[in-house]
Amino acid sequence: MERIKVIKGCPLFSGMSEAQISTVLEEIRVRKKNYQKGEILLHAGEVPEEFGIVLNGCILILKEEFSGSTTLLAQGMPGEIFAEAFVAAGEPSLVTVAAAKDTEILWIHYGRMMKGQGPTGAQVLLMENMMQILAKKNLFLAGRVSHLSRRTLREKVLSYLGEQAARQGKESFEIPFDRQGLADYLAADRSALSAVLGKLKKEGLLSFRKNQFTLYGEHAEDRDKGGWA
């Protein structure tokens with residue numbers, strides 16, 4: 001029962017009842033697998049045919065650098081999807097995925113999911129949800145590239161916050177990151193980010209408390225155009 005609640009909360013199954021989910025999972029012949037802490041689920045360079053959903057436990061998304069060091073890119077918690085972009089593109093994985101602790105994964109074969117056997121209404125919805133997930137991830141990455149292309153950390157911060165204000169349609173808004181998460185997203189040092197935010201606050205351009213921000217001042221027109229100069 002707990003697993004079906006986790007699956008139902010996954011965006012891949014948005015709009016589907018528990019009965020529909022059970023039926024479609026049987027139709028596409030998914031498989032479950034348990035991993036021990038430290039075990040590798042997916043190696044960088046591997047071309048996966050399946051993507052995964054974390055049922056319980058936690059995964060680590062790791063980037064192995066040429067120097068031999070490893071960078072933690074993200075964590076995956078129950079209900080979250082991973083490897084779907086590599087599977088859909090038919091490209092080698094650029095990351096390694098490991099179990100942060102004892103973890104159970106639901107593996108879904110992408111080819112079977114997309115082809116189906118005279119797709120039922122539930123399976124059509126499943127495919128539509130996957131397309132939306134991939135589209136949102138593409139927009140997320142495109143937005144990040146736009147912010148990271150700015151020359152200074154100050155410009156990156158204002159670009160990101162301006163986009164969030166425009167997207168939410170208000171000057172006071174909430175971002176989905178804590179301070180460390182925002183630093184990681186902008187590829188910046190946390191202390192450097194805190195210093196930039198503090199300076200912008202002193203200049204009267206913004207105020208903030210945790211992940212709540214308010215933008216002020218002369219750059220409103222630039223923000224409404226989709227970014228900050």
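Two strands count as paired if DSSP finds at least two bridges between them, and helices (H or I, at least four residues) and strands (E, at least two) are DSSP runs numbered from the N terminus. This is a predicted model, in which local features need pLDDT of at least 70, side-chain atom pairs count only at pLDDT 80 or more, and totals for chains, interfaces and linings use all residues. Residues are numbered from 1 along each chain as its sequence is written, and side-chain values use heavy atoms, with hydrogens and water left out.

**View 1. An open sheet of four strands.** Follow the strands in the order β2-β7-β4-β5, with antiparallel pairing. Because β2 (40–42) and β5 stand at the edges with a single partner strand each, one side of each is left without a neighbour in the sheet. From one strand to the next, the twist averages 35° (axes are lines fitted to C-alpha atoms, for helices over the stretch in contact, and angles run from 0 to 180 degrees between N-to-C directions). Look here for Leu42, which stands opposite Val97 in β7.

**View 2. Strand β3 and its partners.** Six of the seven residues of β3 (residues 50–56) are buried, so this strand is largely enclosed by the rest of the structure. Buried means under 20% relative accessible area, exposed over 50%, and partly exposed in between (1.4 Å probe, protein chains only). Strand β8 (residues 103–109) runs antiparallel to β3 and is joined to it by six bridges. Another two bridges link β3 to β6, again antiparallel. Ile53 is a handy landmark: it stands opposite Leu106 in β8 and opposite Ile81 in β6.

**View 3. The largest pocket.** This pocket has a volume of about 1,600 Å³. On a 1 Å grid over the protein atoms alone, a cavity is a set of points where a 1.4 Å probe fits but cannot get out, while a pocket is an open set with protein on both sides within 12 Å along at least five of seven lines; lining residues have an atom within 4 Å of a point. Grid points are joined across faces, edges and corners, and a volume is the space filled by probe spheres set on the points. Of the 41 lining residues, Leu73, Ala74, Lys137, Phe140 and Leu141 lie nearest the centre. Elements giving two or more residues to this lining include β5 (70–76), α5 (121–148) and α7 (179–185). Helix α5 provides the largest share, ten residues. By type, the lining has 24 nonpolar, ten polar and seven charged residues (Ala, Val, Leu, Ile, Met, Phe, Trp, Tyr, Cys and Pro count as nonpolar, Asp, Glu, Lys and Arg as charged, and the others, Gly among them, as polar).

**View 4. The second largest pocket.** Here the volume is about 250 Å³. Among the lining residues are Lys136, Phe140, Arg144, Tyr160 and Tyr185. Two or more lining residues come from each of α5 and α6 (153–168), and α5 gives the largest share, five residues. The lining divides into six nonpolar, two polar and four charged residues.

**View 5. Around Ser207.** Find Ser207 in strand β10 (residues 206–209). With 22% relative accessibility, Ser207 counts as partly exposed. Leaving aside neighbours within four places in sequence, Ser207 is in contact (heavy atoms within 4.5 Å) with Gln212, Phe213, Thr214 and Tyr216.
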